[in-house]
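Student: Please take me through the surroundings of the ligand. I would like one close look at that part.

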Amino acid sequence: MSHALSESLLERIEVVTGDITRQPVDAIVNAANESLLGGGGVDGAIHRAAGPRLKEHNRTLGGCTTGLARITPAFDLESRGIEHIIHTVGPVWSGEDNAALGSQREDVLLASCYQQCLDLAAQHGIDTLAFPAISTGVYHFPKQRAAKIALSHVLAFLTSHEQPRKVIFCCFSEDDATIYHEAIRTRHQWMSSRLTYRPDDPGR
Ligand code: ADP
């Protein structure tokens, strides 16, 4: 990967603080529950903003399994320019926040949520997409760990896809945004160190 490419990849992501229903994007991701009929947190905010037609529509979908995603119209949110809602069901955190347990079930399921949402966005020609911090509210997924998973899967996807062109990580607090900025900084350093690595440099 060239330096220019890694830089332009990072330009395709952005961290913002605010309400996801107010973002100027084509589609927003909802951290839903398996019923898809609404709940608390970001799910409640999205259902309120999209209006009752969203719940009526979702009744016809028959729910969604953890780690999967469904796409719907955005109903009343269309007046704000949002065309689609991608609903995904994140895992409920049940383990210890132990970095050594690298691939436990919740990590795989959370990664699957990001992958599924990105696949749907690409299939529907979505140009700009905003994610909330899936599973990090009442589902208690550790925030740093979740941000690393979100960032690595989004960057990997953007490397091989032109759409979505831009992905926004929409945080609900400045503290949450700091966690994403830190994850991006670490990733950026790692990319730069790989780019300057010279395996046959006698000076090493
Ligand atoms: P989960 O059940 O997946 O944990 P929550 O809705 O409880 O989902 O929390 C997920 C994240 O969404 C949390 O970081 C929470 O602070 C955030 N959040 C809550 N409301 C909004 C909103 N209106 N816009 C963006 N993020 C939100």
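Tutor: Helix α2, residues 41–50, gives the most to the shell around the ligand: 3 residues. Helices here are DSSP runs (H or I, at least four residues), numbered from the N terminus. The model is predicted, so to speak of a local feature takes pLDDT of at least 70, side-chain atom pairs count only at pLDDT 80 or more, and totals for chains, interfaces and linings use all residues. Residues are numbered from 1 along each chain as its sequence is written, and side-chain values use heavy atoms, with hydrogens and water left out.

The shell holds 15 residues. The closest are Ile20, Val42, Ser135, Gly137 and Val138. By class, the shell has 8 nonpolar, 5 polar and 2 charged residues. Nonpolar means Ala, Val, Leu, Ile, Met, Phe, Trp, Tyr, Cys and Pro; charged means Asp, Glu, Lys and Arg; the others, Gly among them, are polar.

Now the backbone. A polar backbone atom of Ser135 is 2.9 Å from a ligand oxygen. For Gly137, a backbone N or O atom lies 2.8 Å from an oxygen of the ligand. For Tyr139, the distance from such a backbone atom to a ligand oxygen is 3.1 Å. Alone, the ligand exposes 560 Å², and the protein buries 89% of that. These areas come from the Shrake-Rupley method with a 1.4 Å probe.

Technical notes
Near = heavy atom within 4 Å. Polar contact = N/O pair within 3.5 Å; in protein donor to acceptor, adjacent residues only side chain to side chain. Helix = DSSP H or I, 4+ residues; strand = E, 2+ residues; numbered from the N terminus.
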